[in-house]
Each structure stands twice: as structure tokens, then as C-alpha cells.
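Reader: I would like to learn how to read a few features of this model. Please take them one at a time.

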Amino acid sequence: MTAHNQAVEQIRDSYAAIPADAAPRLGKATTNLFRFRTPGKTATLSARDLDQVIQVDPETMTAEVQGMTTYENLVDATLPYGLMPFVVPQLKTITLGGAVTGLGIESSSFRDGLPHESVEELEILTGDGRIVVARADNEHADLFRAFPNSYGTLGYALRIRIRLARVKPYVRLTHLRFTDADKCMLAMQEICESREHDGDPVDFVDGTFFAPDELYITLGTFSDQAPYTSDYTGMRIYYQSIRSRARDWLTVRDYLWRWDTDWFWCSRAFGVQQPLVRSLLPRRWLRSDVYRKLVGLDQRYGVTARIDRWRDNPAQESVIQDVEVPVERGAEFLDLFHRRVGMAPVWMCPLRATGEWPLYPLQPGRLYVNFGFWGMVPLPRGQFDGYYNRLIEHAVHDLDGHKSLYSTSFYEREEFWRLYNGDAYWPVKRSYDPGGRMLDLYDKCVRGR
């Protein structure tokens, strides 16, 4: 805590020294955002000394963690105690602060909600330069409730106290195939409600859409023993195994990071799923943050766009989104997405908010399905960038769903504040950032400032 307190003082002093006309930006070694900023006058705050696990307490089953700590580091600290965060987002370099001020999700979310719902306490550098400790039951409860989905526009999480859950050494996987989206959504709803399948308990639920007649629900169950364990950190690829085997076993650590090695399936865009290429790459390069850096370089230098022009191919639109749709409308969304966008695979992850969170107003207790899709889609002739993303935005809200804000958005200002609860946001913004030193949520997430 001594080192942490020194880091807090350092970042507070750095924040106070930022010119009034420069928007602060938190500098991190990694990012999982896909909102590429337009140039502007900004000042970067270093977070290099705020990336450690302070303490794991196996008695209270909690951890004190600095805001820029990655889930990879936290999991490495908790697993020796037989513990893990209730919800571990699927990519190793997602930070706790990022998952709380943004949104995260994983296959335990059908039961345990979103990552911020297991947070007990937040130490926050606010927009007006204060350091406050926010909890659900203290004088900063309004900030505690509004922090999720605020994306660094109300403040930065410096320290987080998070509850932990007990784990077993192994996870048994069962892949259930469906040939009809309606039946798949119904089965997912029934499994999430009962938390069991064929008489066995279910600890994790997610799914994968490959085609309208090929969908899978993957069930995970903790186990003390395993007849074998698979390894998807080398030549073998996890998502391909879903189609070829009905049963599988992983260590709990490999289960938590099963998607990271190939960034779900997105590594194929870099040729990494070709056996020869894969055999030549060091394993340490087979991870999501490496691929994210490549995307950033492509965005900066326009490599893909140049190649498309040279080949006289249609311009492509980046369609990288996660959306939440009520489970009873999930089949409708998949049908529209397949017909109008045509991207596959699609990740399907059920979730249920356990409480009310004003800036991401999901109905508590209602089962939603997160649909995640990430890639490039050729634009129809005559259409401009944003065509598919706008189509998806309209479809999601027509289906009573919501869209995460880590990527590009195209909402008009009035519509945005209606969907993301400006009535709740602005009183908190004025209380903790009255001078508007930090960007507001619309400027940051839609205008890309």
C-alpha cells in the first residue's frame, strides 16, 4: 500500500499539472478499445505504477488491485488460493479499471452479471482532481453506481476491491449442436434458468454461431479431476475444436484464456491459423494484445485500404462490436445479422445484470445474450463507412437491446443520451467534474475525441 499511495500522489500531481485546455488521457501499455481518436490536444497520464495486485485475502475472498492491473496478472495471483474473479473477461490484457469503467463479460455472466457487480470499493481520481473512495453505501454512492460504462469521463479507477469466487482445478466442456437458432436460444434460456443440464450443474455458458444451421452452446462445469486436458495455446485452435468434439477438458487457467490465443477466431486475418505460419511463431506472440497492436498499425498506416485499392476491391468497413439482446429476441437478431452483414463466426454469451446500473440500463434479472462479432465486411457499391454499424445500432435498439461503447458509434446526440441515460449521467458529471476537464461520454465514445 505504501507503493500504491506513492503512485496515487504521482498521478494526482501529474493531473494537476495538465493545461486547462488539454483533455487528459490515461496512458496504458495495452488497450482493447476500438475507438481510434481523431487528433486533438491531449495530455497523457502515465499509469505504469498502477498495474499491480496489492493483496489477495483468502479469508475474506477479496483482492485489492490497482486499476491498471490486467486480469492475467490478477488470475495468476488468485488461482494459487483456489480463487478467481467472479467474471473474468476473455482477453488477458483487459484491465480491471477498464472492465469496470467500460464493460466486460464472460461465460459466468449468466449467473454473476458483469465484472463491476463484484466490486466492493473504488478509489477514483475524479475530474476535479480529488481522490475519493466510492462504495455503494457511502457519500460517493452516486459515483460508484454511475462509474460502469462511463469510460473514463467521470474519473480513473486507481484501486479496486473485488470479491472472489472459489474454483476447482479443471473445467469439463460440453458442446451442444443446434441446427435452429430459435431452439438454440430456448435451450440457452432453460439452461441458464436451471443452472444445470442433464442433471449436472453448469458453471459456465457461452456459444458460437457458425451458420444458421450450425450453432453450439458450450457448457462448462468445474471438476476436481480430469481424464486428460487439451492444450490450445500452440498448434491446436480452440474454436475449431467446438465443431469436432462434443466433450473436452481444460485446466481452469486454460479455460479462462481459451479465447485469447487466437483472439477468438480473429487471428486468421493475420495468417496465424496457417499451420506453417503458426509453427514458426513463438507461443508468446500467440495472444490478443499482439493482434490488437497489428490492427492499430493497420489503422495508422492504412495498409488494408491500400491493398484493396490496388486490387480494385470494394472498400471494407470495420465491424467490431458487442451487443446485448434479450434472449427471446436473439434468433431475430441472428437472422438479420446473417442476411444483412454475413459475418461468421459470432460469439454468443448469456448475461443477467444482478442490479441496476444507470449508464447501461439493462433490466435486472432479465436474460440477455451478448453477440460479439469482429472483422471487416466489404461495403456495397455506393455505400460509405458506417453503413453496417449504423444498421446494427438500429436493429439492436429495435430489439430492446444495448450496444457496448468500446468501438465506433454513430448515434445522434439526443438519441445517445436517451439510450445511455443522460438524466443520470449529467448530475454525477457536474458533481465530480464541474469544470469539464474530462471529455463527456458522447464526445469520447461517439465523436472519438
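**A buried arginine and a covered strand**

Author: The side chains of Arg159 and Glu64 are joined by a polar contact of 2.9 Å. Such a contact is a pair of N or O atoms within 3.5 Å; within protein, one must be able to donate a hydrogen and the other to accept it, and residues adjacent in sequence count only if both atoms are side-chain atoms. This is a predicted model: local features need pLDDT of at least 70, side-chain atom pairs count only at pLDDT 80 or more, and totals for chains, interfaces and linings use all residues. Residues are numbered from 1 along each chain as its sequence is written, and side-chain values use heavy atoms, with hydrogens and water left out.

Reader: Is Arg159 buried or exposed?

Author: Buried means under 20% relative accessible area, exposed over 50%, partly exposed in between (1.4 Å probe, protein chains only). Arg159 has 8%, so it counts as buried. Arg159 belongs to strand E8 (residues 155-166). Strands (E, at least two residues) are DSSP runs, numbered from the N terminus.

Reader: How many residues of strand E15 are buried?

Author: Nine of the 11 residues in E15 (residues 316-326) are buried, leaving the strand mostly covered.

Reader: Which strands does E15 join?

Author: Two strands pair if DSSP finds at least two bridges between them. E15 runs antiparallel to E17 (residues 367-378), with 11 bridges. There, Gln321 stands opposite Phe373. E15 also runs antiparallel to E18 (residues 402-403), through two bridges. Glu324 has His402 as its bridge partner in E18.

Terms used
Helices (H or I, at least four residues) and strands (E, at least two) are DSSP runs, numbered from the N terminus.
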